[in-house]
Amino acid sequence: MSLFIAIVAGTIIAATPLVFAALGELVVEKSGVLNLGIEGMMLIGAVFAFWAVFAGLPMPVAILIGALSGAAASLIFGVLALTFMTNQYAAGLALAIFGGGVSAFIGRGFGSTPIPSLARLDIPFLSDIPVLGPMFFRFDPLVYLGLFMVVAVGWFLYRTKAGLILRTIGESPQSAHAIGQPVIRIRYMAVLFGGAMAGIGGAYLSVAYTPLWVENMTAGKGWIALALVVFSTWRPTRLLVGAWLFGGMTILQLQGQAFGLRVPSELLSAVPYLATIVVLVIISRNRQLLMLNFPASLAKPFRPSG
Amino acid sequence: MIRTSRRKFLKYGGAAGAALGLGGWANLARADEILRVGVVYVSPVSDIGWTKQHSLGVEAIRAEFGDRVELTVLDNVYNPQDAERVFRELASTNHLVFGTSFSHGTPLQRVAPRFPDVAFEHCSGIVHLDNLGTFEAKYYEGTYVAGVAAGHMSESGRIGFVGGFPIPDIVGPANALLLGAQSVNPDVTCSTIFLNSWYDPGREREAVNTLVSQGCDVICSMTDTATGVQTSGELGAWSIGYASDMSQFSDRHLTAFTLDWSSYYVDAARTVADGNWVAEEHWGGLSDGVVKMSPYNEAIPAEVQAEMDSVKAAIAAGELHPYRGELKNQDGEVVVAEGEVLSDGDIRSMVWFVEGMIGSLS
């Protein structure tokens, strides 16, 4: 039983940085903008949050700094892609590479210095329930914040007027513009939100998950977040399921290895990716589901005219 | 030491090389020249880990030669295509060039024949040429000593090992860790996880989590970050560090098997300066101080510490060999007969698990 608890709790924790980064990107893409720079924004968020803890700032401030620095990094993409209308793929890739370099430069002095990690927040009473308590109610605050954000983003996109406008801009910016919506300004806000979320995802890595700074410590999580958005068909709850599936498969393959499963470890390491591809293929067979949620103007620059 | 960016180096390096012409290492003894040494690291120099230990070797050269040496150090060169260009440029201006990663092997093998007057040294290389020497450490001697501590300190009788890839340089030390532990408690088993990545702190953490959740209470991580040591400490498990002393990351850090390459660095520099350098294969361990044990945790009982020291001394003196038979494989078949010792060649190509290892290689 304790093994099962460890697997479930481990999955939820491992999925948390992915949930933040992918949820941010989901909102960005829903507004019709494709920002491939998640990896870079995560790294920048990670190094600044680490620096803040290192400098003795309190943990919530450090995470806020992670979010702000991620948002600042996304502004570079915003100016390039929205104001100057450069190719969004190129601008996003540039940000991903830039973020890797800048964070490595800033982090040079921090090389593998330990910091205190984000303390756990056991939910009173609930965390004492046998089995369920340790499985679901003994995490650090950011895990709960991530789950809350899934609900909040879903509510915002599908239950509020602002969410409706954002989705409209993602479908047809011309129509939104025609009825007087500030397309570029709203897209900027979406991009900044995406950057802040990626920054928190990165901060989670450097101050909570593995509380140390090492160069390029995201190790590809930004790219997995990008894939998760497609996987989720742009729906927040499915995104959470996707992140748990990916995290769960990662942990199960490690458990399998440690149990002595006589399968080559190389193959087991590929299981999370294979599982993701299989689900993607199944989803892609349902064209209607995809077309209903795919933002029609994704990655197309918008020039306000008239 | 000249610290320069790769780009700047490539820009000026070529011109400097042309101006200097072919100043070979063989001529150095005659001319009263400054020894020029180029070193290429695979990752950035941080406070701990693989590259840090190489930087200590470079420091040793500087301490030994002072003003008579000019060092050019380039870090974070991983990609083989980049590495080949970097080695070519370094070879055109230096007498002695070091590559410090397995991944530098192919580029060095291509560059070395084109610069017959330059001495090349390659850490963890497997191919050696007329002017390309290799040096490597017997990690398994360190893990065997650490295993003795693990065998005593483990209450569950289960230890865990996290490695990058299932290659001989990692599988061998994992086996020796268990053999060391079994020498004090024959029932110990060792669960292993390979990350199939040199570098992924998140997965490293999950691997340690997994091992601890399955009941392992001593974890050895042979990876490049301190994540394993840190996570073990958080979960209340003992840990064993690799390459550098990692005790600052956990108060449950039992010991680390550290690597000290300085003797190779200084010897190579000295022989090149004297004009009698030859390409050799070096493979040092506890006996010549290439592998060392970092200070033991105070929580280890004094008699266990004494036992570790005597095992260490016995290995250094050649009285104890970690791979002395009888050794059985995972399926219980005898691989090394009673009293025999695994040959060096077999150790360096070890891709099988000894009995008691839990995990899969094929």
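Angles between axes under 35 degrees count as roughly parallel, over 145 as roughly antiparallel, 65 to 115 as roughly perpendicular and the rest as oblique. The structure is a predicted model, in which local features need pLDDT of at least 70 and side-chain atom pairs count only at pLDDT 80 or more, whereas totals for chains, interfaces and linings use all residues. Residues are numbered from 1 along each chain as its sequence is written, and chains are lettered from A and ligands numbered from 1 in the order in which they are written.

In chain A, the axes of helix α3 (residues 59–83) and helix α4 (residues 88–106) come within 9 Å and cross at roughly 155 degrees, the axes being lines fitted to C-alpha atoms, for helices over the stretch in contact, with angles from 0 to 180 degrees between N-to-C directions. α3(A) and α4(A) are therefore roughly antiparallel to each other.

Between the chains, the contact takes 31 residues from chain A and 33 residues from chain B. On the side of chain A that touches chain B, α11(A) gives the most, with six residues, helices being DSSP runs of H or I of at least four residues and strands runs of E of at least two, numbered from the N terminus.

In chain B, B:Phe102 lies in the loop between β4 (96–99) and α4 (105–111). B:Phe102 counts as partly exposed because it has 17 C-beta neighbours inside 10 Å, where 20 or more would be buried and 12 or fewer exposed, with C-beta atoms placed from the backbone.

Terms used
Two residues are in contact if their C-beta atoms, placed from the backbone, lie within 7 Å.
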